[in-house]
Amino acid sequence: MVKQVSTVDTTKNAKNTPDKEQPWRELGLKQEEYDRIKLILDRRPTSAELAMYSVMWSEHCSYKSSKIYLRQFGEKVTDEMKKNLMVGMGENAGVVDIGEGWAVTFKVESHNHPSYIEPFQGAATGVGGIVRDILTMGARPIAVMDQLRFGAVANPDTARVVNGVVSGISFYGNCLGLPNIGGETVFDKVYQGNPLVNALSVGALRHEDLKLAKASNPGDLVILFGARTGADGIGGVSVLASETFDADGPSRRPAVQVGDPFAEKVLIECCLELYAAQVVAGIQDLGGAGLSCATSELASNGRAGMRVQLKEVLLRDESLTPEEILMSESQERMMAIVPKKDLKAFTAIVNKYEVEFSVLGEVIREPRLYINWGKEEIVNVPPRSVAHDGPVYERPVAYPAWLDNLNNNSVNHAQLRRATNPSELAEQLIQIVSSPNQASKSWITDQYDHYVGGNTALAMPDDSGMVRVSEETGLGVAIATDANGRYCQLDPYNGAKLALAESYRNVASSGAVPMAVTNCLNFGSPENPEVMWQFKQATAGLADGCLELGIPVTGGNVSFYNQTGDVAIYPTPVVGVLGVIDDVARRIPSGWQDAGNNIYLLGITRDELDGSVWSEVIHDHLGGKPPVVDLAAEKALAELLQGASLQGLLASTHDLSEGGLAQTLVESTLRFGMGARVWLNEITERDQVDLTAALFSESTARVIVSVGREDDVKFVGLCEARTVPVLRIGVTDASGQLEIQDLATWSIEELKNTHGATIPELFG
Amino acid sequence: MKIGVVTFPGTLDDRDAQRAVRIAGGEVVKLWHADADLHSVDAVILPGGFSFGDYLRCGAIAAQAPVMESIIDAANGGLPVLGICNGFQVLVESHLLPGGLIRNEHQHFICRDQKLIVENIDTAWTNGFKLGQEITIPLKNGEGGYIADDETLRRLEGDGLIAFRYSEVNPNGSVNNIAGLRNERGNVVGLMPHPEHAVEPGFGPDTPLAMRSGVDGLTFFTSVLNQVVNS
């Protein structure tokens, strides 16, 4: 008779078999990282410990290549910038004091790699993950947004990814009951094998309800609750998010998690009731790296330790090994640290919601994480070494060999042909506003619920999304996000600043005061020195820009390895700006509302067509240098809009960015179907630019506003006092058409069809 | 005047429905799916959402909840009940209203400001409207396509049991443009669009007058309050 031998790799076994071959390479670790683990433990790791270190030291979780650059977001700040910051970088999400005892927390995160492999579940669980981050801070999630980048519309695979991602977001977000208030959708062939699916969530909480992810009181219970643990998403962060895809590699679908939004909705309400009952001393969501992350981070943050019995984890699949349990990224799970005296109250609440839970162990004073599988000890590590003291790399950087040529090949150098007559210009305008990137995205956004909650004050297609936080006073927040990969490819330092400038301008355009910044930095492989140079430049640009605007970065996310083979995506640093408005009733829409208002262009138009939509759509060209960033001008403009909005002078504001004035005029017309007559001759005269630049230049620090005739003198006086360049360029009217004098006249119906038809024709 | 708003696991628009009741001047009583006690409310709202994750069939599991047993009894006794979106699906699954709701014809979830024609004003929830009035109410659903067999349809049309029809656009392929129904007695009304999202200026659908100023949904809630007061 054969005696049953345990197959579990215990710490004792690890000591006794120091030379056992371990699959550290397959788990994504490097030789020096494996050696370092042995040094920390003074023995080889057990297979369970190896699993934990491999996921926690992955690029996705440890930020090992980006850490040295992310530090400057915490360093390039003034005391003034920190004054409203309740929780800064490093926690699940930053928290900002918005006044009246309210705080908001917001963050944007990537779910790029899973969304290419399995678009529906990848995008769905991306929403789920970011919402749990917000919930973990003690906040009620109040809205979501998403920032999407897809491959070329002509590529047959793009429709698969677009339909999957949009349905995934629609399926998960709608079922959670969170309004989707905006986002971005961009198509470019550089994202063909690496679509970007970033998801942003914002939550609101009272100051006193703030929760932190830490376990510090010995004796408190460690409780896992929510969905059961299954075999989905095993190694998601290490295998998927921290490696480059090979075109002919194996399918990695099993590494993608599967979401159940219903379970998450129940979990949200359950957690909020647990918080209100004050029975939770610490809380952490289970996302990337699952239990490995939650246990080690809670203990490390609390400067304590934990004793955990892994057999207590409730499983969907009883055949899971301890290593798989530690690495599983099954969704809709949370870990709570609960004082023993509160267990009864905790149990009553989770039972009310029919949420399953199990007590895994307890917090101990000794800063050590012990995990047992039955009677056998399989993990015995310092939690800090897993969660926070991972490797940090200063990777080589190199100025891209191809960049000078790209920068030299400007629109003028390439002698891109400009239109010579009105009908050609008018034709280009139509080509631009109907191009996939500039066309209406309502086919996508109509699949998202933006009403639920009853607090949505602005949503797409307005410049920013806005939600009310306080029903008593109308206090609310506005959020806008932006990234222009083409600009960043030309100049990542200024490209990142340009993204910041546009988000900032969009928030200011809504009448809110910009207050804080989050980011999601999507780049190629950090092992490529040229990509690392782009990253270095972009982070420096963003940090410098935030310092100049006086708004702090509160958190963010880095997504590397967005490349197929040797070809990286354009650097795509998505920048989100959050603003505060004392009463959402004061919000400003992006379209003309009333006939007979004057239309003013604020800011100066320069001949800036390099990297523009015009150069892309009309000439399929990318080269030169992106538009000049003038953050002092952005600030002056934002302050002007703030002042004018407080006096109720603005009927509408729309920023000028991709597609220039032409795009903005068409969108302002279509927002409420109000017509206008516009003239360009004063722009061309004052700014010394031709009609192509007047219509399509993407010069920054510009908006158009519409102002009632009775407020004209006041408004122009305000602009002059603040030295913001102002020019009257048109009048709104009920003609049912948009007329650009000496160029063309279009009926609103015609513009609506042109602008609206593109996306449904491609994907509907 | 007490109006109960039911919360099932996965209900999403309960807080919106509660707000609508308050704005209309009613007193809100929160009803929990597992509690069969209706706490002597004067009317009940089944709000929108994805009760029980829409698993099995939309509204099918919720229809079996303890609170529904009491609501079905009370509705048969004349208690005003309004089912909105998922709540309409629950009413259909509970056989308080006939027919069924299936996946939208175009297969997508859709969120839009929807024009409706009020087809019947002899109900607890529509008596404040004018017959034939056109109203704008947000619609948001993935499974809002109304179906019924021919005989049921003939009865619905013949007996004036259609409360609302979609106007201009049929957003989900519903037969005869049916957006909402009433029962014979007029105390039970169900519809796919969301009147609770059109009750507060600034947060409703756009109107020709101003953005997000549409409050056509408020009449549902004032109608029931008036009816209860008058009875």
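Of the 764 residues in chain A, 60% are buried. A residue counts as buried if 20 or more other C-beta atoms lie within 10 Å of its own, as exposed if 12 or fewer do, and as partly exposed in between, with C-beta atoms placed from the backbone. This is a predicted model, in which local features need pLDDT of at least 70, side-chain atom pairs count only at pLDDT 80 or more, and totals for chains, interfaces and linings use all residues. Residues are numbered from 1 along each chain as its sequence is written, while chains are lettered from A and ligands numbered from 1 in the order in which they are written.

**Chain A as a whole**

Chain A holds 28 helices and 28 strands. Both are DSSP runs, numbered from the N terminus: helices are H or I over at least four residues, strands are E over at least two. The C-alpha trace spans about 95 × 55 × 50 Å along its principal axes. A compact globule with 764 residues would have a radius of gyration near 27 Å, and chain A agrees, because its value is 27 Å. That radius is taken over C-alpha atoms, and the globule rule is 2.2 Å times the number of residues to the power 0.38.

Contacts tell another part of the story. Two residues are in contact if their C-beta atoms, placed from the backbone, lie within 7 Å. Take the contacts in chain A between residues at least 6 apart in sequence: 85% of them join residues at least 24 apart.

Strands of a sheet pair through backbone hydrogen bonds, either parallel or antiparallel. Here, two strands count as paired if DSSP finds at least two bridges between them.

| Strand pair | Sense | Bridges |
|---|---|---|
| β2(A) and β3(A) | antiparallel | 5 bridges |
| β3(A) and β6(A) | antiparallel | 9 bridges |
| β3(B) and β4(B) | parallel | 3 bridges |

F106(A) has a place in two of these pairs. It is the bridge partner of G94(A), and it stands opposite V202(A) in β6(A). The hairpin of β2(A) and β3(A) has 2 residues between the strands, and E100(A) takes a positive phi near 60° there. In chain B, I45(B) has L82(B) in β4(B) as its bridge partner.

**The sheet of chain B**

Chain B has an open sheet of 9 strands with mixed pairing, in the order β2-β1-β3-β4-β11-β10-β9-β6-β7. Strands β2 (27–32) and β7 (134–141) of chain B stand at the edges; each has a single partner strand, so one side of each is left without a neighbour in the sheet. From one strand to the next, the twist averages 25°. Axes here are lines fitted to C-alpha atoms, for helices over the stretch in contact, and angles run from 0 to 180 degrees between N-to-C directions.

G4(B) lies in strand β1 (residues 2–7) of chain B. Why does G4(B) count as buried? It has 24 C-beta neighbours inside 10 Å. Leaving out residues up to four places away in sequence, G4(B) touches V29(B), L31(B), L38(B), H39(B), V41(B) and V44(B).

**Where the chains meet**

In all, 25 residues of chain B are in contact with 27 residues of chain A. On the chain B side, α1 (14–24), β6 (110–118) and β7 each give two or more residues. β6(B) gives the most, with 3 residues. This side of chain B divides into 11 nonpolar, 7 polar and 7 charged residues. Ala, Val, Leu, Ile, Met, Phe, Trp, Tyr, Cys and Pro count as nonpolar, Asp, Glu, Lys and Arg as charged, and the others, Gly among them, as polar.
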